[in-house]
Amino acid sequence: MSDKLQDIINKQQDQIAPGEENMDNIVQLVGFVVGEEEFSVPILSIQEIIKPIEWTRVPRTPGYVLGVFNLRGTVIPLIDLRLKFGLPSEKMTENSRFMVMKNDMETAGFVIDRLTEAIRLKKHEIGPAPETAMQEKTMIEGVGKQDDKILTILKVDKLLERDF
Amino acid sequence: MDEFQEILQDFLIESFELIEQLDQDLVELENTPDDLDLLNRIFRVAHTVKGASSFLNFDILTHLTHHMEDVLNKARHGELLIDADVMDVVLESIDLMKALLTTIRDTSKDEGIEVDACVLRLSAITNGESPAAVEAPVVQEEVAEVEEVAEEELDYANMSDDDVEAEIQRLLEERQAADKAKREAKIQAGEAVPDMPIADEDVDAEIERLLIEKQAEDKAKRQAKIDAGEEVPQLPDVPLEEENADTPAAEAAPAPAPVVTAPAAAAPKQPAPEKKAAPAPTATTVEQTIRVDVKRLDHLMNLIGELVLGKNRLIKINDDVEERYEGEEFLEELNQVVSIVSLVTTDLQIAVMKTRMLPIGKVFNKFPRMIRDLSRELGKKIELEISGEETELDKSIVEEIGDPLVHIIRNSCDHGVESIEQRIAAGKSETGMIGLKAYNEGNHIVIEITDDGAGMDPDVLRSKSIEKGVISEKEADSMGDKEAFALIFRPGFSTAAQVTNVSGRGVGMDVVKTNIEKLNGLIDIESELGKGTVMKLKIPLTLAIIQALLVGVQEEYYAIPLASVLETVRIGKEEIYTVENRSVMRLRDEVLSLVHIADIFEVEHVFDSSEHAYVVVLGLAESKIGLIVDTLVGQEEIVIKSMGEYLHGMDGIAGATIRGDGGVTLIVDVAAMMHMAKTIKSSVTGENGAAGGGASRAKTQPSDYKVMIIDDSKTDRKIMTLALKPLGITLVEATDGVEALNILKSGEHQFDALLIDIEMPRMDGYTLATEIKKYNKYKNLPLIAVTSRTGKADRMRGVESGMVEYITKPYSADYLQNVVKRNIKFTFSEESA
């Protein structure tokens, strides 16, 4: 019994092992589109991604705070990234998703237009945020270069920070 | 080290529990100084704390408690009568003990608190001196102590071995000193002084003799006691001199004297047989309890919360299914299951809630002591009567309720109960009574604080508040007595002529209000001048799961804690009046200000054609407000959930809950909402631009505005005309109500506002206003009263007849201009005139 178990564990480790030496240098991201642009956030900061469900407006909040919704018994704020980024609001479509992100302190849902893909980037492929973006306020963690595209990586902590 | 921490924890928990009971016991003791049960209980506390603290090496605490123990011990043996002065010192020492324990809890050390003065006083008492005479030099003490030995002797049985040892040491030294003194005296007297060794021999011989004597005596005593079947210690008739010398005898005392007193059951170091000998007649009935971490209970409560939500959802689904499959057989079964689940959930919830309940006596306990201290401090005689202390409340509420009660009771002592002379002059008994009563009322607990003091004078309160700038004269005029009583809760208000130590700094009572509001509680004050005051605090039993009223506005729903809902009424739109830009309605004999929930929560106004409005009358602490909503949905049990840091502390929202359908409903923070209502402009009676029938045409120049002046006095008309001239608006004059009505009916002019005098021939201002308001198209035409009638009744009548503003003569031109401008929504700058 325990031999079998050990076998399985060993096998699993063998499977994982080959990539391991590079793991430290690789950043896994999830890409999504808001408006015309593609953004991404580290995969570990995402709790889950769900299809849009009903939400409740919370009065006296900035426009981009759509309200709160019920995620299996927990009340979670919902933020429209379109509005947050200063884009005109648009109706949600088939492709819209609530992306539930979290850090140590806070959990919140973000409305995105559509998901693209999971992305693996090597650390050296990520450059710093453009200097024009103000260092303190910027929501941009860095810029990833991938083939022919440029990918904006967002700071989750900044997204989850209350700024009103 | 960990072990030490663990012991320390237990020690602290035990000590704090003991002390809690202590205060009350002590005050009770002062009234019944010879209650042996009480004394024993108190003694035991000091003893237990002493024992444990010496074990844990808290020297200062041990030092203090040791002396406390001495005093109490004497009292216990009937050698000391506990009077108020002694009690002061004992209470002081207990305060110090508390302080020390708190320090220990915070720092694990008993440093930084000065106990010497108190210890000195304590030992003075032990020595039979008045504690006031503590300042007397310490030299005297030695003499006193020698005398005291006789009394202390008795108690060796009760002392721990260490103490006995120390005592022996001390006595020996004393004895030696005394011998020395004696010898010196002899030298002086020219007598031959025997050599030291001989003296020692003498002592030994005497010791031998005394030991035998003592043992015989003990035996006789024990026999006597066993015969009498009593446990009360007696004072032996042993001559002082001899007792002084028989120190070694004492060493043997602990063992052979097991029945001397009813030993404190909690004394840990006493030999076992003694414990057996004590049937602990004083022990209070011990409940079977187990200590549970509050966090676990909180977690349990959370889980129950989820269950309640699930139950709500199940009920909803059941209803849906019932509708769809009416008449099917399985329905009945489903129904049964649902109702059982629902029943059990409710029971479970109540059961868990009960585990979190504490008797309010826990809070009440500290008040006898407080009243006692206060009455001594204030030189008044006050008695406290507590009832209903077994009433139970949620732990979190019990913790919150203490402070407000302290403030209220202090206030009652200081401002309520009069001085002894005043009371006698008023024909009352010398002793003032303060009652503290708790009882259940539905889902609430009511705490009633009564005093038979001077009562409150609403007029004094009003004039004081005006003086202090808490309210304006206008507000004061329109204020009922109840509202005037509520003034004491305003920040910055204090009626005491002098600021005393006890109260009167003007902070206390608004703390009460804030705290009670935090608990969703209500405050009700009744007071009769000369008879006293009754203050009622009405507090919900629990905070986590609450009953709520669900209301709808447009497409949204909000939950209002039912605890704050006094009633709901349906009114016609015409019952809403506007006074100084605020909407009000008459509710029986009160004027209730109104606010629309949509204005507070920025709900988009879609035109509402309904002729009726629902008003939810909210009461919190001492204030009231009417909240207009579109629909009343019903009552539901809701679980308060936080909305997380991101949306924490949003104005007017206390949290959210999940409804049966899985949707989120926001919970109204009634306190915050009431506050917000004060600053929100009303839009209750209609939208902008609808004023004055067809007067909503575009205004391109100042003269497009038309105002009619109705006054029988030519001078008054002239004054108004002059005052309004700079605005450049068109003015039309009328000399009385009938004429004004005719002009209006003729339809020749479209007025933006009317300025109406009240006192007029043919038709007065009130009648005119009532007549005008009968026309639907003038419903929103602003009617401004300009009059010299300033009474409250007049203003009230003005409001009822439909006036929106009330200008009293004389007025300044600027003021009139501003009022008119505001009411006609004048948008031009004055230079254009």
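## A sheet in chain A

Let's start with one pair of residues: V143(A) has T152(A), in β11(A), as its bridge partner. Everything here comes from a predicted model. The two strands behind that pair are β10 (residues 140–146) and β11 (residues 149–154) of chain A, and they run antiparallel to each other, joined by six bridges.

Step back and you'll find an open sheet of six strands in chain A, ordered β8-β1-β2-β11-β10-β9, with mixed pairing. The edges belong to β8 (114–122) and β9 (126–127) of chain A; each has a single partner strand, so one side of each is left without a neighbour in the sheet. In general, strands of a sheet pair through backbone hydrogen bonds, and they can do that either parallel or antiparallel.

## A hairpin and a parallel link

Now for β1 and β2 of chain A. Strand β1 (residues 26–34) and strand β2 (residues 37–42) are antiparallel partners over six bridges, and F32(A) sits opposite F39(A) of β2(A). Together the strands make a hairpin with two residues between them, and in that turn G35(A) has a positive phi of about 70 degrees.

How many bridges join β2(A) to β11(A)? There are two, and here the strands run parallel. S40(A) is found opposite I153(A) in β11(A).

## Chain B at a glance

Chain B has 833 residues, and 36% of them are buried.

## Helix α12 and where the chains touch

One helix to look for is α12 of chain B, residues 294–324. Its 31 residues reach 45 Å from first C-alpha to last, close to the 45 Å expected at 1.5 Å a residue. Which residues of α12(B) are buried? They are M301(B), I304(B), G305(B), V308(B), L309(B), K311(B) and N312(B). Those buried residues pack against α13 (330–355), β8 (545–553), β16 (631–639) and β17 (653–658), again in chain B.

Between the chains, 22 residues of chain B are in contact with 20 residues of chain A. On the chain B side, α12, β17 and β18 (664–668) each supply at least two of the touching residues. That side is made up of 11 nonpolar residues, five polar and six charged.

## Two nonpolar cores

Nonpolar side chains tend to be buried together in soluble globular proteins. In this model, the largest nonpolar core has 161 residues, and those with the most contacts inside it are V68(A), I597(B), V707(B), L754(B), I756(B) and I784(B). Leaving aside residues up to four places away in sequence, I756(B) touches I710(B), G765(B), L768(B), A769(B), L783(B), I784(B), A785(B) and V786(B). There's also a second, separate core of 38 residues; L18(B), L38(B), V90(B) and I104(B) are among them.

## A lysine in helix α24

Last stop: K718(B), which lies in helix α24 (residues 714–724) of chain B. Why does K718(B) count as partly exposed? Because it has 13 other C-beta atoms within 10 Å, and a residue is buried only with 20 or more, exposed with 12 or fewer, and partly exposed in between. K718(B) and E733(B) are 15 residues apart in sequence, and their C-alpha atoms are 9.7 Å apart in space.

Note on methods. Residues are numbered from 1 along each chain as its sequence is written. Chains are lettered from A and ligands numbered from 1 in the order in which they are written. This is a predicted model: local features need pLDDT of at least 70, side-chain atom pairs count only at pLDDT 80 or more; totals for chains, interfaces and linings use all residues. Helices (H or I, at least four residues) and strands (E, at least two) are DSSP runs, numbered from the N terminus. The expected span of a helix is 1.5 Å times one less than its number of residues. Two residues are in contact if their C-beta atoms, placed from the backbone, lie within 7 Å. Two strands pair if DSSP finds at least two bridges between them. Ala, Val, Leu, Ile, Met, Phe, Trp, Tyr, Cys and Pro count as nonpolar, Asp, Glu, Lys and Arg as charged, and the others, Gly among them, as polar. A nonpolar core is a set of buried Ala, Val, Leu, Ile, Met, Phe, Trp, Tyr and Cys residues joined through C-beta atoms within 7 Å.
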